[in-house]
Amino acid sequence: MEISGIISAIVVGVVIGFLGRLVLPGRQGIGILWTLLVGIVAALIGTAVAQVLGVGDTEGLDWIELLIQIALAAVGVSAVQRVKTKV
């Protein structure tokens with residue numbers, strides 16, 4: 001992966017992390033750094049899942065891939081929030 005691909009993955013991950021946090025109701029007790037990390041991981045895993053399902057490369061914007069990434073980010077933010085509140 002080239003440096004431009006890594007930078008774009010980070011940028012997309014940031015957006016995905018905040019969108020994942022936005023779809024969750026209420027206040028999340030995690031910081032911005034955790035949101036960013038969850039978003040980056042969700043973006044990477046979501047892209048892999050979309051590729052496996054055959055919807056990763058479609059005409060125009062990949063809406064299904066984006067929805068998968070946001071759903072994974074919401075699950076990740078929720079999981080991190082639960083772990084942090086138990087500690």
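Predicted model: local features only at pLDDT ≥ 70, side-chain atom pairs only at ≥ 80, totals over all residues.
**Entry 1: helices α2 and α3**

I began with α2, which covers residues 32–53, and α3, which covers residues 63–86, and I found their axes 7 Å apart at an angle of about 140 degrees. I noted the crossing of α2 and α3 as right-handed.

I then listed who makes this contact: from α2 there are W34, V38, A42, A43, I45, G46, T47, V49, A50 and L53, and from α3 there are E65, I68, Q69, L72, A73, G76, V77, V80 and K84. Sorted by class, the residues in the contact of α2 with α3 come to 13 nonpolar, 4 polar and 2 charged.

**Entry 2: helices α1 and α2**

Next I looked up α1 against α2, where the axes are again 7 Å apart and the packing angle is about 110 degrees. I therefore wrote these two helices down as roughly perpendicular to each other, because the range for that term is 65 to 115 degrees. The crossing of α1 and α2 is right-handed.

On the α1 side I recorded A9, I10, V12, G13, V14, I16, G17, F18 and R21, which meet I32, T35, L36, G39, I40, A42, A43 and L44 in α2. The contact of α1 with α2 has 12 nonpolar residues, 4 polar ones and 1 charged one.

**Entry 3: helices α1 and α3**

For the remaining pair I found that the axes of α1 and α3 come within 7 Å and cross at roughly 70 degrees. The two helices are therefore roughly perpendicular to each other, and I noted their crossing as right-handed.

The residues that make this contact are I16, G17, L19, G20, R21 and V23 of α1, together with L66, Q69, I70, A73, A74 and V77 of α3. I counted the contact of α1 with α3 by class as 8 nonpolar, 3 polar and 1 charged.

I checked the length of α3, whose 24 residues at 1.5 Å a residue should span 34 Å, and the C-alpha atoms at its ends are 35 Å apart, which agrees.

Which residues of α3 are buried? I listed E65, I68, Q69, I70, A73, A74, G76, V77 and V80, and I noted that what covers them includes α1, residues 3–23, and α2. I kept a general point beside that list: an α-helix has 3.6 residues a turn, so residues three or four places apart point the same way.

From that list I took Q69, which is found in helix α3, for a separate look. With a relative accessible area of 5%, Q69 is buried, because the cut-off for that word is under 20%. Leaving out residues up to four places away in sequence, I found that Q69 touches I16, A42, A43, G46 and T47.

**Entry 4: exposed positions**

Are the following positions buried or exposed? I took V52 of helix α2 to begin with, and V52 is exposed, with a relative accessible area of 73%. V52 and S4 are 48 residues apart in sequence, and I found them 24 Å apart in space, C-alpha to C-alpha.

I then turned to R27, which lies in the loop between α1 and α2 and is exposed at a relative accessible area of 78%. R27 and Q81 are 54 residues apart in sequence, yet their C-alpha atoms are 9.9 Å apart in space.

Lastly I looked up R82, whose place is in helix α3 and which counts as exposed at 58% relative accessibility, because the cut-off is over 50%. The C-alpha atoms of R82 and G29 are separated by 9.0 Å, although the two residues are 53 residues apart along the chain.

Notes:
Residues numbered from 1 in each chain as written. Heavy atoms only, no water. Axes fitted to C-alpha atoms, helices over the stretch in contact; angles between N-to-C directions. Helix = DSSP H or I, 4+ residues; strand = E, 2+ residues; numbered from the N terminus. Left-handed = near helix turned anticlockwise from the far one by under 90°. Contact = heavy atoms within 4.5 Å. Nonpolar A, V, L, I, M, F, W, Y, C, P; charged D, E, K, R; others polar. Expected span 1.5 Å × (residues − 1). Buried < 20%, exposed > 50% of the residue type's maximum accessible area, 1.4 Å probe, protein only. Parallel < 35°, antiparallel > 145°, perpendicular 65-115°, else oblique.
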